[in-house]
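Colleague: Could you walk me through a model the way you'd read it yourself? I'd like to start with the strands and then move on to the rings.

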Amino acid sequence: MAWALKLPLADEVIESGLVQDFDASLSGIGQELGAGAYSMSDVLALPIFKQEESSLPCDSENKILPFQYVLCAATSPAVKLHEETLTYLNQGQSYEIRMLDNRKIEELPEINGKLVKSIFRVVFHDRRLQYTEHQQLEGWRWNRPGDRILDIDIPMSVGIIDPRANPTQLNTVEFLWDPSKRTSVFIQVHCISTEFTMRKHGGEKGVPFRIQIDTFKENENGEYTEHLHSASCQIKVFKPKGADRKQKTDREKMEKRTPQEKEKYQPSYETTILTECSPWPEITYVNNAPSPGFNSSHSSFSISEGNGSPNHQPEPPAPILDVNPALTPIQNLLPTATPQEAQQWLHRNRFAAFSRLFTNFSGSDLLKLTREDVIQICGPADGIRLFNALKGRLVRPRLTIYVCQESQQVREQQQQKHENGEPGSSTFFVYHAIYLEELTSIELTEKIAQLFSISPQQINQIYKQGPTGIHVLISDEMIQNFQDESCFVLDTMKAETNDSYHIILK
């Protein structure tokens, strides 16, 4: 009974404590919402208004970003409050990005009346794909020869100066612009998100990309290396009209949700504001050789030698290796060649531009490439040239003749008769091939002199034995009428002058 009598006392104590806590939690509400305490900027700084975050002054830092980039494409309504916005784009469609100058009057006066440079990139959003970005982009290049990942629609763009797109950097474009003038650039993204997913059973979600813009100003040397501002946004790219269907699907899904569930999601904004981010790093791959298709985007344009981050250092060219026996005198690549020897072969045969692309390829790897593979990697012109060089395909000579010395023939016949009593069927004569390109008597003289290991000046005249044994002087026209792969026996006659000979073709 004593326990039963204490129970109401315990409930009373607990209830009293709860009331005190509740009163304490409500104290100050009136003060927070009182006159002078309410700030619209505080409300706009909430996550639900995160699209406007980059354009509003931050009370804690009290600064306005110098530039703002606005992508004219609606954000998805199926994104939760505390997540980054997501924008759907159609493959190959032109989308406007407005380049806005948010500077105060006294801010960055050194760029007043001057141009700045902006570099656009389409990169992977997922960290896992960022580590394999080199392989991913090179694989895309193989599957889409001649195409680019990112392009500028120049006719529709306004205010851009000297737009450039390096053919080896498929996902990067750049241009100059004047912040004091209206500038809008229209971009086209040609890769779709599902091209980089593991195709196992179909229906996989596409990987997200990022559009990143890095802006630089000139230094004292006139080079665009001093970083001003960087911003980016998350996108997904679909086949034509696929982005419109995806946006409609997301909107219909949100309409079916309850009001309580809708409060957890951001509304769809008509435009996408790129949020501030760190400058694009110079080194983006781990344990991978740099690629001319992506990594060295700051050093290949003619506007300046280095226009990346302030700490950018140009990448040294690939070293030319010493001669190795794996390379034959005629510069054929052997299957046993190591990756270093393959790099040497590429440089010696004027393929240095593709040496980084084939950094880890051995001689066997290169020789296994088909004609279609090489064309996809290097393009039609260089691809055909590289394929012919890999296969050791030499240009067929215009004329080939075979010659044999008569004295050698006679000696072999005599030796055969001495051994067998008479010439047997096994008798054979050694002929030498002479390849002619110019089809002139001078060229034939030089080739025969090389065969006899004498100087061309020691050959006085070359004759061809004609009908009834006459000797016909060899001329350019006669050589041009030789039948290909004709066979001749060479006879030599001492000329009247010292140390010279007449050559007779029989």
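Modeller: Five strands make up an open sheet in the order S5-S8-S3-S1-S11, with antiparallel pairing. Its edge strands are S5 (150-152) and S11 (272-273), each of which pairs on one side only. Keep in mind that this is a predicted model: local features need pLDDT of at least 70, side-chain atom pairs count only at pLDDT 80 or more, and totals for chains, interfaces and linings use all residues. Residues are numbered from 1 along each chain as its sequence is written, and side-chain values use heavy atoms, with hydrogens and water left out.

Colleague: What counts as a strand, and when do two of them pair?

Modeller: Strands (E, at least two residues) are DSSP runs, numbered from the N terminus. Two strands pair if DSSP finds at least two bridges between them. In general, strands of a sheet pair through backbone hydrogen bonds, either parallel or antiparallel. Here, S1 (residues 67-71) and S3 (residues 95-101) are antiparallel over five bridges, and Phe-67 sits opposite Asp-101 in S3.

Colleague: Which strands does S9 pair with?

Modeller: S4 (residues 116-124) runs antiparallel to S9, joined by eight bridges, with Arg-121 opposite Gln-212 in S9. S10 (residues 224-238) pairs with S9 over ten bridges, again in the antiparallel sense; Thr-215 has His-229 in S10 as its bridge partner. S9 and S10 form a hairpin with five residues between them, and Gly-222 in the turn has a positive phi of about 80°.

Colleague: How many residues of S9 are buried?

Modeller: Nine of its ten, so S9 is mostly covered; buried means under 20% relative accessible area, exposed over 50%, and partly exposed in between (1.4 Å probe, protein chains only).

**Now the rings**

Colleague: How do I read an aromatic pair?

Modeller: A pair of aromatic rings is described by the distance of the centres and the angle of the planes. Rings of Phe, Tyr and Trp (its six-membered ring) pair if their centres lie within 6.5 Å; planes under 30 degrees apart count as stacked, over 60 as edge-to-face and the rest as tilted. There are nine aromatic pairs in this structure. One of them is Phe-196 with Phe-209, edge-to-face at 5.8 Å centre to centre and 90° between the planes. That pair links distant parts of the chain, 13 residues apart: Phe-196 is in the loop between S8 (183-189) and S9 (209-218), and Phe-209 is in S9.

Notes. Helix = DSSP H or I, 4+ residues; strand = E, 2+ residues; numbered from the N terminus.
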